[in-house]
Amino acid sequence: MFSYELCVSFLAVACFIGIPRATAAACEPIRIPMCKLMPWNMTKMPNHLHHSTQANAVLAIEQFEGLLGTQCSPDLLFFLCAMYAPICTIDFQHDPIKPCKSVCERAKCGCEPVMKKYNHTWPESLACEELPVYDRGVCISPEAIVKAEGPDNPYYQESKCSSESSPDFPMDSHNGHCKGSSSERCKCKTVKLAQRTYLKNNYNYVIRARVKEIRSRNHDFSAVVEVRDILKSSLVNIPRDTVTLYYNSGCLCPPLTANEEYIIMGYENEERSRLLLIEGSIAQKWKDRMARKVKRWDQALRDQSRKNSMRRSRHSSQKHVSRQ
């Protein structure tokens, strides 16, 4: 396995690998491991990067594994697979369908800053300028793709992105930021780590953990963490070991970074024995004093629960007496 630095250093070379365009061929099953989880399972060579076989495409796309590992954009894998293993349908065997320009822009906006840290820029071979715009051609995007329900139903539709919901995402020439980029689509609400929040949200679990990796499968995220300490657990047994935390949306909210240590507060799915990161969950960089705070807050939560229980009991008794 290449290190991230080595993977990034290979990007410029890998993206420019060019194989002479071959004679048009029929659709073939996807054999590129990184793309087997895409919503389509048939592709056609040569692809949009002019690789004549999937074996050649594999050598090139695998160089992006390090960049994918940074989770710089939830659109990156979809975009890469749409370029290296383009969707092939009965109606579009001659010219494989390209990804929409907006998908490319979102991937670029999220990942090019990471590449620049290692003195690389977005490859010219993956330039967004020549890709179809949502309202002027056939293209695919995560928002518009349709899964087939029968052999004659293609895996595509013309992009349904509208100027109101998901327009093409040009660069803002005034500030260099991406309009409508994935970072804006997935803007996380800030949840303040305080006693008031703790009492209000009544978290099922609180752990101290180091993030080992972030995983993405069809835009569903999960975080693999190494549990260092269990400050609270309610319904699910949490081992002091490697566990998986499951997000319930296509966004990394709350955001986590690999190799960082956090205090994480979330909820549990007892039926599936899962630890969840959902709206209201907290993940903040670990500080030693946090453990004492959580113990103090949890005691306050128990006291509050006890008072509420006593109040309900008195109220019930009064209602019973009044009926008599």
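Mentor: Asn 202 counts as partly exposed, at 41% relative accessibility; partly exposed covers the range between buried (under 20% relative accessible area) and exposed (over 50%), computed with a 1.4 Å probe on protein chains only. The model is predicted, so local features need pLDDT of at least 70 and side-chain atom pairs count only at pLDDT 80 or more, whereas totals for chains, interfaces and linings use all residues. Residues are numbered from 1 along each chain as its sequence is written, and side-chain values use heavy atoms, leaving out hydrogens and water.

Asn 202 is found in the loop between α7 (195-201) and β5 (205-217); helices (H or I, at least four residues) and strands (E, at least two) are DSSP runs numbered from the N terminus. Its phi is positive, near 45°, although Asn 202 is not glycine. Most residues other than glycine have a negative phi.

Asn 119 also has a positive phi, of about 60°. This residue lies in the loop between α5 and β4 (139-140) and is exposed, with a relative accessible area of 71%.

Helix α5 (residues 101-116) is another matter: twelve of its 16 residues are buried, so α5 is largely enclosed by the rest of the structure. Among the buried ones are Val 103, Cys 104 and Met 115.

Loops also hold cis peptide bonds. The bond from Met 45 to Pro 46 is cis, with omega near 0°, and Pro 46 sits in the loop between β2 (42-43) and α2 (54-61). The bond from Cys 253 to Pro 254 is cis as well, with Pro 254 in the loop between β7 (242-247) and β8 (261-269).
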